[in-house]
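Subject: Structure handover

Hello,

Here is the structure I promised to pass on. Please open it alongside this email.

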Amino acid sequence: MSSIAVLGYGVVGSGVVELFYKNKESIIAKAGTDVDIKYILDIRDFPDSPYKDKFVKDIDVILNDKDVTVVAECMGGVSFAYKFVKACLEKGKSVSTSNKELVAAKGAELLSLAKANSCNFFFEASVGGAIPIIRPLHKCLAANDITGVAGILNGTTNFILGKMINENMGFSAALKMAQELGYAEKDPTADVEGHDACRKICILSSLICGRHVYPENVYTKGISDISLEDVRYAEKFGCAVKLIASMKKLADGRILPMVMPMLVPHDLLLARVDDVFNAVLVCGDGIDKAMFYGRGAGMLPTASAVLGDVIEEIKCGKCTDISQTWEDSADPSFVAGHEESINKIYFRISKTDDIGIKAIEVIDDSDDMVFVTGPMTLLDAENLGRKLSESGVNVKAMIPVLDI
Ligand code: HSE
């Protein structure tokens, strides 16, 4: 018999409880042993909940109960989640989490703690919501040298961009809708400014290169500067504007992770990922390319990934999964800056005749003109933008074109 504790009864935690009881019989069959949720930790009261007898407010109740072998952390944030997860792992209780902020900030330490205490720290739900990507990367694709990944890893921004493009909905209305649907973070600036996608690409990069990649070392730009004008021009070029989180291995062995809005050519499947869906394109020397696609946020999609890990942890027992790991890394010199990325660049500038630049596209009712450069480093692109500004040209947008 395995007893589970769920930490946090918000969108994800309540989804975990709901999905568990919906599919309890098949979960037990897959885990190979009797399983039940014994505790739900939350500081709030839920007197009308059918699970009201399971609620506790004190983590020590869970920590001191030997029956609890697996804990699903669904609280979010780092401070309390870190303290509680650490305490669970120190007691030899495996943890499954959807908390990307926690994994991106403390992953190396918590993985090493799990190993030292013969248990597991799993986080399939932390990247891509329902999409299986963590386990495929370190198991099914383990024979490959993974050379790069590019993904749409934030459902909220993809949902907002889609509403803006397809329904002409304003940014704020689209964001409000994403919040009501339970997609957005508590503070949606983490979605809009790209920090959530950054945490997720850090997790994938750490897993791929075996060293902890910290968010502060990864260039991150969100979607707040994207205008409908850019979206319309992008369509003229056969591209969609998407918030792309990517990582490339460079020839010298360093990695180049970054998060920024990009023009994605329509012939790439990523361009057609809409709504709250996420997708991750993985490049490897054996597979060439593989694409993973599914719902990137929401109650039951995320709960599905958390519970998948819980079942796996019950099956693993006291055996730590050694392929899902990475080392801590105080020296960030293995992480290259975004300036080294080589892309074609889309520029939108105010209409002008006198700088010798031939606009390749002008939309009739637009005051602007746009051009797309050949491949250049982002450093050269930034210098070009600066020179144009110095010569009196109003540079309104500069967006790289995805090349993978
Ligand atoms: N706020 C996140 C998103 C939730 O929109 O993708 C899932 O991590």
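First, the ground rules. This is a predicted model, in which local features need pLDDT of at least 70 and side-chain atom pairs count only at pLDDT 80 or more, while totals for chains, interfaces and linings use all residues. Residues are numbered from 1 along each chain as its sequence is written, and side-chain values use heavy atoms, with hydrogens and water left out.

**The ligand**

Among the residues around the ligand are Lys100, Asn154, Gly155, Thr156, Tyr183, Asp191 and Lys200. To be listed, a residue needs a heavy atom within 4 Å of the molecule.

The side chain of Asp191 places an N or O atom 2.7 Å from a ligand nitrogen. Gly155 uses a backbone N or O atom, 2.8 Å from a ligand oxygen. For Asn154, a side-chain N or O atom is 3.4 Å from an oxygen of the ligand. Taken alone, the ligand exposes 250 Å², and the protein buries 93% of that. Those areas come from the Shrake-Rupley method with a 1.4 Å probe.

**Asp321**

Asp321 sits in the loop between α12 (299-316) and β13 (342-343). Helices (H or I, at least four residues) and strands (E, at least two) are DSSP runs, numbered from the N terminus.

Is Asp321 buried or exposed? Asp321 counts as buried because its relative accessibility is 13%. The cut-offs are under 20% for buried and over 50% for exposed, with partly exposed in between (1.4 Å probe, protein chains only).

The Asp321 side chain makes a polar contact of 2.6 Å with the side chain of Lys139. Another, at 3.1 Å, goes to the side chain of Ser323. A polar contact is a pair of N or O atoms within 3.5 Å; within protein, one must be able to donate a hydrogen and the other to accept it, and residues adjacent in sequence count only if both atoms are side-chain atoms.

Leaving aside neighbours within four places in sequence, Asp321 is in contact (heavy atoms within 4.5 Å) with Asn120, Phe122, His138 and Lys139.

**The sheet**

An open sheet of 3 strands runs in the order β15-β14-β17, with antiparallel pairing. Strands pair if DSSP finds at least two bridges between them. The edge strands, each pairing on one side only, are β15 (368-372) and β17 (395-400). Strand β14 (residues 345-350) pairs with β15 over 5 bridges. Ile349 stands opposite Met369 in β15.

Best wishes
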